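Dear colleague,

I am passing on a structure that I would like you to look over when you have a moment. My notes on what was found in it follow below.

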Amino acid sequence: MGKIFYDDVALFRDEPKLLSVLEFVRKCMVEHNNCAIVDKSTKYNKNLVEFLEFENMLEIAEAVVISAIERKESRGAHYRVDFPNETQNFDANSIVRKKDNFLEIVFEKVGKWKLQFLENQTKINTKKLTN
């Protein structure tokens, strides 16, 4: 998984590579659903932990790839070879939600009130850390 993401989702992305990775991730999800946990112990069950961690990794991978596919621009560390320029349409945060077992992506415009809130949070956290 790491190599595929490094090669096709990391620095230089394009839609065919992203779609290929999405297909791979979804195949892994189907295979994962057909797997079973051999160790049935209720304490210190490393098999269960690794199973759940892999399941979570697949869900996050799917969300990352879908977000990258839907963002039809380049911005910051997100560089799309097929969309090399930044556009105002995507001056927004990518929000991915799981709804009825499907991922839904929306782009939420960045507002001034959010920036102000984050600045206030930083000041509050800084004060707490220095006390």
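**Serine 74 and its surroundings**

Leaving out residues up to four places away in sequence, serine 74 touches Tyr79, Arg80, Phe83, Pro84, Asn85 and Glu86. Please keep in mind that this is a predicted model. Serine 74 sits in the loop between α3 and β2 (79-80), and at 7% relative accessibility it counts as buried. Its side chain places a polar atom 2.8 Å from the backbone nitrogen of arginine 80, and the side chain of serine 74 also reaches the backbone oxygen of phenylalanine 83, at 2.7 Å.

**The nonpolar core**

The largest nonpolar core is made up of 14 residues, and those with the most contacts inside it are Phe5, Val9, Leu18, Val21, Val25 and Val65. To this core α2 (15-33) and α3 (46-70) each contribute at least two residues. Phenylalanine 5, once its neighbours within four places in sequence are set aside, is in contact with Ala10, Val21, Val25, Ala61, Val64 and Val65.

**The cysteines**

Why does the structure hold 0 disulfides? The sulfur of cysteine 28 has its closest cysteine sulfur in cysteine 35, and because the two lie 9.8 Å apart they are too far for a bond, given that a disulfide requires sulfur atoms within 2.5 Å.

With best regards

Key
Residues numbered from 1 in each chain as written. Predicted model: local features only at pLDDT ≥ 70, side-chain atom pairs only at ≥ 80, totals over all residues. Heavy atoms only, no water. Core = buried A, V, L, I, M, F, W, Y, C linked by side-chain atoms within 4.5 Å. Buried < 20%, exposed > 50% of the residue type's maximum accessible area, 1.4 Å probe, protein only. Helix = DSSP H or I, 4+ residues; strand = E, 2+ residues; numbered from the N terminus. Contact = heavy atoms within 4.5 Å. Polar contact = N/O pair within 3.5 Å; in protein donor to acceptor, adjacent residues only side chain to side chain.
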